[in-house]
Amino acid sequence: MDWNFVFVSILNGVVYGAFLLLTSLGLSLVFGLGRVVNFAHGALYAMGGYALIAVMRGAGAGYWPALVLAPLLVVPVAIAIERATIYPIRHRHDIYTLLVTFGLSFMIIGGIEYLWGTGTTLLKPPPPFTGTVDILGNQYPLYRILAAGVSLLISAGVFAVIQLTPIGLRIRAITDDAGMAEALGVNTKWLLTLVFGCAAGLAAFAGALGAPIFAIHPEMGMNILLDSFLAVILGGLGNLPGTAIGAFVVALTKSIGGGYIADWSLALLFAVVAVALIFRPTGVFGRGRVA
Amino acid sequence: MKTGARTSRASALAAVAAAGLLAVLPFLGAAPFTITLLTEALIFAIWAMSLDLLVGYTGLVTFGHAAAFGLGSYAAGYFAREVTADFLASLLVAQVVVVAVALTIGFVATRVSGVAFAIISLCIAQVLFQVAVAWRSVTEGMDGLVGVPLPKLLGLTVDAGTEFYLLTILIVLAVYVGLSRLVESPFGRTLQAIRTNEDRAAAIGINVRLHKWLAFILSWAIAGIGGTLMVFMKAGTTPMSLHWSESGNVLVMAIFGGLGTLFGPLIGAVAFVFLRDEFTTRFEAWQFAFGLVFVVVVLAFPTGLAGIITHVWRSLWRARS
Amino acid sequence: MASALVVRGLSKSFGALRAVDGVGLEIRDGHVHSLIGPNGAGKTTVFNCVSGFLRPAGGQVLLRGLDVTAWAPHRLVAVGLARTFQITKVFGGLTVIENVALAARSRLGKNLQMWRHARGVAEAEAAAEEILAMLGLGEHAATSAEHLAHGDQRILEIAIALALRPQLLMLDEPTAGMSAGETERIGELIRRIVKRTTVLLVEHDMEMVLGISDAITVMTQGRVIATGTPDAVSRDPQVQEAYLGAVEARSF
């Protein structure tokens, strides 16, 4: 067994896991809070990547300022979208937000393809992080380590906000029982928009941050969307620590499995999820059964 | 006879009349390209109606319905090429494969509700897509299955063009009438009860899980019929038939047409095929336009074309009395 | 007389909250048995545990001697249990008679029939008509369920449950949101229904309950504090304390 290969696969898994964490947390929060399954989440991730290159090429900016600007550009757009299309139908059956965000996904990806074409853009890691670093005899790209570290830091920040701040408390209360929270006078309307905006920001940031690692193309968000869904299912609705674990399970399964079982890694992943669902059928995503 | 049974008789007759009208089109001088487009539209209609059974009538939104269709295509196509191009035999084989897969996957998938189900269904489709790409020895990977011969019905070859078109019309009619009966039956009503209110349905003695499972299997089986027809029409298939965007397309057809009506998705499929043909030749950003139409329909016209038509029809009726 | 329902040592917790703690209940055949208590007493939880909508953490539920603990709702219907919902859950898009006929067809085991027309099941249609007539909803048979007045919808709930020909009918706050007149009507209805089936009633309205019950069980904070005839229970000092306290809390 090529231990170096396994080791690098694990490293890749951890790196991808860190990114997956950013997108999955956002997805989980939005779902836990408003029961909205945001199918456009992957498209928002892609928007982050494209906003990055738009700023870099259009304004001639460097990578770092573009990295900061990209999510800031995407968030207002995301909020506008949420107010225009999701907020008006929030009282309808869950199906509708599912379908609307699905349609939005098509729109966003279609828009990206129209504006930037269907090709793939590769980005080099920004200086001074262009080199590799030696880890246990393996040369591993330095930028990946940095990006993973940044992602983990931000995720920790999200956790801190949710666990320690008053607004985080409100979010947790509503996630547990929306009806009760509303009765207590918690203003849920703008809260959902705020959280949606933040989730979009996280996704866009992940897209921009990951551009030098994962390449940029219109459908770049789809795989990470799928993986995020799996992570959230594994972890449970609105359950952030669970989602975090789920993200790394998914990322590591993909990266380790992908090495040895080429092209079948996703099938393996599905088997994992299916097994998980058999043991935790109703509790994972359903409403608690109460009259 | 109760009113309900009378109207379903009427609609069945209307369906036969419509089928008859469609059937004579090639003989009235319709262009071959129009016939081809219609054939494709009718095949999609079968697919969209099967989706309606699951989404519109049972309330199980699926983002992976391409899997059922594509699986049917691959199974029938492979059989037709390797063994015999007999249409009924290929159809049977495809049905066996699709039902077997739906049975197993459905058993797990229907354990979960609403949202999780939608996501799992997407995962299933992705997995089957991956299988189609990776299992090169059978599916020939991204190149796809090619060289599927023309189908044979009772020993006679069904030519592409008008003959295949007529075969398709026949099958669509059978599916439509069959499904219409199904949704009006106690089983169909039970599915709708589950869609309306699962708890209430369980409280009146309905075995919700069993019914969801059956609906899933039936829905896949019918989609598989569509897939079988398609693989013969295109003389092959590719993994793209299992792609998530295809699942999106069939959802568009069904929603645009009007979920929960059967004839809605049917006209939705026809509208989709003809509109797409228009869009792709005229607009570069057709995917964007498509998404836009989808969003607008979901927001403003949740009952789709069928809803609009029924509304108009009812107001005319009321105006007369 | 046999026991229609026996509950022993039922318990259920939600996280740290012990909603139901060692609750026991015995309902005699042909009785109207009411389960009352202030808000948060755990009555609804007991109700849901017995009717298969919640999984109890511990305890036993015996329906006519048959252990049905933690059975799924549809299986319970098959052995003679039917329930209504506190928040009206009729099938809004269907007419009144279609709602009841649906339940009747389910009882007749027609749920998997795929070939004939649903409205063609004559037995179900007849049963539905009879029940609607009995409950005074006959004139609304063709009305869409969502267009019914609130009070009539609550009665429709009961009609649907009756179509299942239960041996034990469980009513979850049937008079919720009703006027005094409507409440009286329901009370009178229940006294008529009990000739066909044993009734377990979860209610808030003390007055109504005292008037129509054969037996009452009082719960508070997850436990049973009294069981007996309406007379005995209304004189019980613990009950008076629990309810006086509850009345104050309710006038919020």
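In β9(C), which residue is the bridge partner of Leu35(C)?

Modeller: The bridge partner of Leu35(C) in β9(C) is Thr217(C). What you are looking at is a predicted model, and every value below is computed from it.

That bridge belongs to the pairing of strand β3 (residues 32-36) of chain C with strand β9 (residues 215-220) of chain C, which run in the parallel sense and share four bridges. Strands of a sheet are held in pairs by backbone hydrogen bonds, in either a parallel or an antiparallel arrangement. Both strands sit in an open sheet of six strands in chain C, whose order is β6-β7-β8-β3-β9-β10. The pairing across this sheet is mixed. At its edges stand β6 (81-83) and β10 (223-228) of chain C; each has a single partner strand, so one side of each has no neighbour in the sheet. From one strand to the next, the twist averages 15 degrees.

Helix α1 (residues 43-50) of chain C lies across part of this sheet, namely β3, β7 (168-172), β8 (198-203) and β9 of chain C. The helix runs at about 145 degrees to β8(C). On the level of domains, chain C is divided into domain 1, made of 3-90 and 166-250, and domain 2, made of 93-147. Their C-alpha centres are 27 Å apart.

Chain C also touches chain B, in a contact that takes 27 residues from chain C and 23 residues from chain B. On the chain B side, α1 (3-24), α7 (162-184), α8 (186-196) and α9 (198-203) each supply at least two residues.

From α8(B), Thr190(B), Leu191(B) and Ile194(B) meet Val208(B), His211(B), Lys212(B) and Ala215(B) of α10(B). This contact consists of four nonpolar, two polar and one charged residues.

Chain B has a further contact, with chain A, where 33 residues of chain B meet 37 residues of chain A. On the chain A side, α4 (94-116), α9 (220-235), α11 (265-279) and α12 (281-285) each supply at least two residues. The largest share, 16 residues, comes from α4(A). This side of chain A divides into 29 nonpolar, five polar and three charged residues.

Strand β1 (residues 132-135) of chain A pairs with strand β2 (residues 138-141) of chain A in the antiparallel sense, over four bridges. Thr132(A) stands opposite Pro141(A) of β2(A). β1(A) and β2(A) form a hairpin with two residues between the strands, and in this hairpin Leu136(A) has a positive phi near 50 degrees.

Definitions and conventions: Residues are numbered from 1 along each chain as its sequence is written. Chains are lettered from A and ligands numbered from 1 in the order in which they are written. This is a predicted model: local features need pLDDT of at least 70, side-chain atom pairs count only at pLDDT 80 or more; totals for chains, interfaces and linings use all residues. Two residues are in contact if their C-beta atoms, placed from the backbone, lie within 7 Å. Ala, Val, Leu, Ile, Met, Phe, Trp, Tyr, Cys and Pro count as nonpolar, Asp, Glu, Lys and Arg as charged, and the others, Gly among them, as polar. Domain bounds come from an automatic or database domain assignment. Two strands pair if DSSP finds at least two bridges between them. Axes are lines fitted to C-alpha atoms, for helices over the stretch in contact, and angles run from 0 to 180 degrees between N-to-C directions.
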